Amino acid sequence: MTRPDADLSRRTFLGTLGTGAAAGLAGCVGGDEGSTGDGRADWPHPYFSPEGTGYNPRATGPASNPGESWGVEVNGIELARPVVFGETVYLATSERLRAFSVGDGTELWSVESDPQSGFRSSVTVDSERVYIGYVGTRTGVLAFTHDGEEAWHAPTESSVWAPVVRPEPDRDRLYASDTAGNLYRVRASDGTVEWREEVFGPVRSLAARYDTVVAGTEGGEVFSFQDEGVERGATGRWRTKHPGGVQSLAIAESNDVFAGFFGAGVARLRGGLRAGAVDWYHEDPSPHGSLVVGPRRVFSTDGTGLDAFDKRAGSPSWAAGDDFFAPPAGAGDTVFVSDTSKSGGVVAYDAGGGVGFDDTRIGAERWRYDLAGRALTGPTPAGDALFAVESGGDDGPRRLVALRAE
């Protein structure tokens with residue numbers, strides 16, 4: 001453990017890893033509690049849940065061919081897909097954090113960054129706060145109330161790129177990481193940094209399940225920690241190295257970790273006694289952003305299409321080809337993807353893939369909606385709607401759009 005004013009002993013951490021690590025997380029935000037027991041109807045984390053699964057067990061989003069319900073102009077470079085908590089949609093760009101009404105797109109509030117500063121992570125929302133990474137005059141994590149008032153600032157050493165995660169609603173803590181290679185436990189009520197651990201390289205992905213925290217670095221390392229509390233800090237469980245930077249992490253109920261690597265494929269890493277060992281691995285595809293980890297399959301987009309793998313065995317299930325660079329989203333028995341080509345849109349697929357072989361399928365595609373220009377973010381299914389940001393084409397403005405079944 002490292003206090004905010006102390007140094008970390010790397011030897012202490014490495015001594016906990018064991019020889020097997022060289023081979024190779026349902027909480028508050030996105031959990032089932034407080035809804036129907038079949039999943040939330042909203043999407044409050046970029047990856048739906050703190051576990052990072054990108055999958056909502058409840059069937060949300062348009063079930064049939066949609067039309068545009070509303071659209072609002074948004075400027076700046078979007079940081080990730082919109083998130084939805086209750087009746088509010090949140091979208092962050094480098095210059096502004098904005099909140100809109102789910103029903104009609106009315107802007108409820110916005111916060112602009114200070115000069116020479118900017119927002120850096122996507123948004124995470126829970127029943128108490130809105131959390132986002134920040135760099136510049138006050139580098140760290142900023143928390144806002146649901147009315148857009150700043151609640152607190154938790155300082156970090158460098159930029160916070162990975163979304164903040166809060167595993168449980170009844171425990172006053174959340175986790176954040178930075179590009180200097182630090183993992184932080186932060187008191188959710190007031191932003192106090194309770195401990196800091198150092199990993200080895202910029203952290204690009206973060207996931208948590210109860211007391212398990214998993215961090216992935218730009219250098220391709222995956223670290224698993226056990227949170228031992230404020231006094232004892234975090235204990236390293238395992239560490240494993242892979243050839244590509246970590247793009248995505250998701251923790252399963254078994255504490256196995258699904259990981260996607262830049263230019264280096266997708267893997268399932270074992271929890272339990274074989275912690276960190278590779279259960280299965282595919283060199284292709286290499287995901288752009290997060291994975292979807294559903295009950296039976298894992299889905300990945302790599303710029304050339306959508307690929308589905310058997311969750312347990314890792315064997316390929318089916319594929320669909322298109323320019324899918326943005327991360328997918330799963331809800332119930334549907335997988336939603338964004339076509340990021342010049343004349344793209346959003347597509348809904350049957351998670352089972354219909355009938356066919358590889359990318360030649362019958363009944364896989366449920367509907368397709370063309371946007372004005374290409375899709376800029378992964379889609380966000382919530383309630384009866386699907387949210388995405390479109391480029392506006394050659395002359396139009398960037399817009400946040402809500403799609404609903406016609």
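**View A. Strands β34 and β35 side by side.** Six bridges hold strand β34 (residues 385-390) against strand β35 (residues 399-405), and the two run antiparallel. To find your bearings in this predicted model, start at Ala385, whose bridge partner in β35 is Arg404.

**View B. The open sheet around that pair.** Stepping back, we meet an open sheet of four strands in the order β2-β35-β34-β33, with antiparallel pairing. At its edges stand β2 (66-73) and β33 (380-382); each has a single partner strand, so one side of each is left without a neighbour in the sheet. On average, neighbouring strands here are turned by 25 degrees against each other, direction ignored.

**View C. Tyr175 and Trp195, an aromatic pair.** The structure holds 14 aromatic pairs, and one of them joins Tyr175 to Trp195 in a tilted arrangement, with 6.2 Å centre to centre and 45 degrees between the planes. This pair links distant parts of the chain: Tyr175 belongs to strand β12 (residues 174-177) and Trp195 to strand β14 (residues 193-198), 20 residues apart. Tyr175 counts as buried, at 0% relative accessibility, and Trp195 is buried too, with a relative accessible area of 0%.

**View D. Phe258 and Trp280, another tilted pair.** Here the rings of Phe258 and Trp280 lie 6.2 Å centre to centre, with 55 degrees between the planes. Phe258 is in strand β20 (residues 257-261) and Trp280 in strand β22 (residues 278-282), so the pair ties together parts that are 22 residues apart in sequence. Phe258 is buried, its relative accessible area being 0%; Trp280, with 6%, is buried as well.

**View E. An aromatic cluster.** Take a moment to pick out the four names in this close-up: Phe299, Trp318, Phe324 and Tyr349 form one aromatic cluster.

**View F. Arg204 over the ring of Trp161.** In this view a charge meets an aromatic ring: the charged end of Arg204 sits over the ring of Trp161, 4.7 Å from the ring centre.

**View G. Arg40, a buried arginine in a loop.** Our last stop is the loop between α1 (10-14) and β1 (55-56), where Arg40 lies. Arg40 counts as buried because its relative accessibility is 13%, which falls under the 20% cut-off. Its neighbour in this close-up is Asp42: the side chains of Arg40 and Asp42 make a polar contact at 2.6 Å.

Notes: Residues numbered from 1 in each chain as written. Predicted model: local features only at pLDDT ≥ 70, side-chain atom pairs only at ≥ 80, totals over all residues. Heavy atoms only, no water. Buried < 20%, exposed > 50% of the residue type's maximum accessible area, 1.4 Å probe, protein only. Polar contact = N/O pair within 3.5 Å; in protein donor to acceptor, adjacent residues only side chain to side chain. Phe/Tyr/Trp six-rings, centres within 6.5 Å; stacked < 30°, edge-to-face > 60°. Lys NZ or Arg CZ within 6 Å of the ring centre and 35° of its normal. Pairing = 2+ DSSP bridges. Axes fitted to C-alpha atoms, helices over the stretch in contact; angles between N-to-C directions.
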